[in-house]
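This briefing sets out the fold and the aromatic contacts of one protein. Please consult the sequence and the structure shown here alongside the points that follow.

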Amino acid sequence: MVTKGRKKRSSGKKKFSIKKAKVKLDSRNVLFLLALIVFLCAVFVSLSLAFGKKKYPDVVSDSVVAETPETRPSDESVQEKPVEKPSKPKPEKKPQKNTSETGTSQKNPQAVEPEKKNTRPENSVEQKNQDQAKTEPKPKPVEEKIEEKKPEKKPVPVAKFQIPQAVRGAKIAFVIDDAGLNVTNLKKYTGLNFPLTVAVLPKLSHTKECAREIRASGKELILHQPMQAMNLEMNPGEGAIKPDMSLSDIYAQVLRNVAELGGGVKGINNHEGSLISADSMKIGAVLDAVSDSGIYFLDSRTTAQTQAPQAALERGMDIYERDVFIDDVINRDEMIKQIYRGIGIANKKGRCIMIGHVDKSVKILPDLLREMYPELVAKGYKITTPSGL
């Protein structure tokens, strides 16, 4: 009986010791598993932070040590973004290098920065806009472009004169008398940029000098032949044709005066001469000298009784006649009226000869002709010389 009892006790002790051993073994395993799970979770969190920082540098800041489930992007948000194939080894292999770390695993921010250029996602709209802003040239302000394209508007010249349209290309010749006294005044006419005729008086202090100036300027040179007026008290000057002269003397005097001016003389016109031009014989002698010199004659028409047209008809010559004296009255408005009158004659006859005077109207006439010339040309008038008619 005693033996049996011991056996029972021993067997009971065996069973109790076995059960106690099993309980201790299970606790260790559980603790080990829990520790392992905590460690793996820590490693996973640190790797997620490192991988997320590489892939999304604009979203994850360098100062974050570990992500919490609330701040970590959800699986759905990650799936919406296209996943790039990493060019470097996959992050799953990296835990082998960090097994000695017990807590979080965070890379040095300085080591991550050089990789930002190659690891930016293609669909980062904000980053693309920043890159385009750096690479694309800044457009110029719209106001500057408009200013560059706008052409400068030239002011339209306003017509100063009431000039009618030319009829059939009407021609106008301006003749300026009485040169030979003042070269300075003469240059105001020779400086005009259109054809002009200047008549030079003989035997004056600056006769030859004025003749040279006219030739040098390209203007037309003629002799302004002095002749006696009906008012005998008026002295026509040296080299004049007077009523007591014979026809041969008249002929010779004209030739001497033409020679004094030098070469290039195109014609002559009379200075005063109302008495001589009314005498068909005496004016005929003048025309003979003109014809033999191969030049033209312009009748200044100082008298309505002139016999020059009749004497020319008898000799089969063509001569010119003055139509308008511009400066009988030295006043700008009156001179403009006379030019308008000459324009009307040109439109009726096809041509007009207008005469002015060098010294008499030097303060008005040169500037007036300079102003009127562009408008005359614009209206279709041809400005020429008597030889060009």
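**Overall organisation and aromatic pairs**

In the protein, 74% of the contacts with a separation of 6 or more are between residues 24 or more positions apart. The model is predicted. Its secondary structure comprises 14 helices and 9 strands.

**Burial and surface**

- The protein has 389 residues, of which 37% count as buried.

**Aromatic pairs**

- Across the whole structure, a search finds 3 aromatic pairs.
- Phe194 and Tyr373 make up a stacked aromatic pair, with 4.7 Å from centre to centre and 20° between the planes.
- Phe194 belongs to the loop between α7 (183-190) and β2 (197-200), while Tyr373 belongs to helix α14 (residues 365-378); the pair therefore ties together parts that lie 179 residues apart in sequence.
- Ring pairs also bring in Phe174, so that Phe174, Phe194 and Tyr373 are linked into a cluster.

**Accessibility of the stacked pair**

- Phe194 has a relative accessible area of 5%; because buried means under 20%, Phe194 is buried.
- Tyr373 has a relative accessibility of 21% and therefore counts as partly exposed, as that class lies between the 20% limit for buried and the 50% limit for exposed.
- The stacked pair of Phe194 and Tyr373 thus joins a buried residue, Phe194, to a partly exposed one, Tyr373.

Terms used:
Residues numbered from 1 in each chain as written. Predicted model: local features only at pLDDT ≥ 70, side-chain atom pairs only at ≥ 80, totals over all residues. Heavy atoms only, no water. Helix = DSSP H or I, 4+ residues; strand = E, 2+ residues; numbered from the N terminus. Buried < 20%, exposed > 50% of the residue type's maximum accessible area, 1.4 Å probe, protein only. Contact = heavy atoms within 4.5 Å. Phe/Tyr/Trp six-rings, centres within 6.5 Å; stacked < 30°, edge-to-face > 60°.
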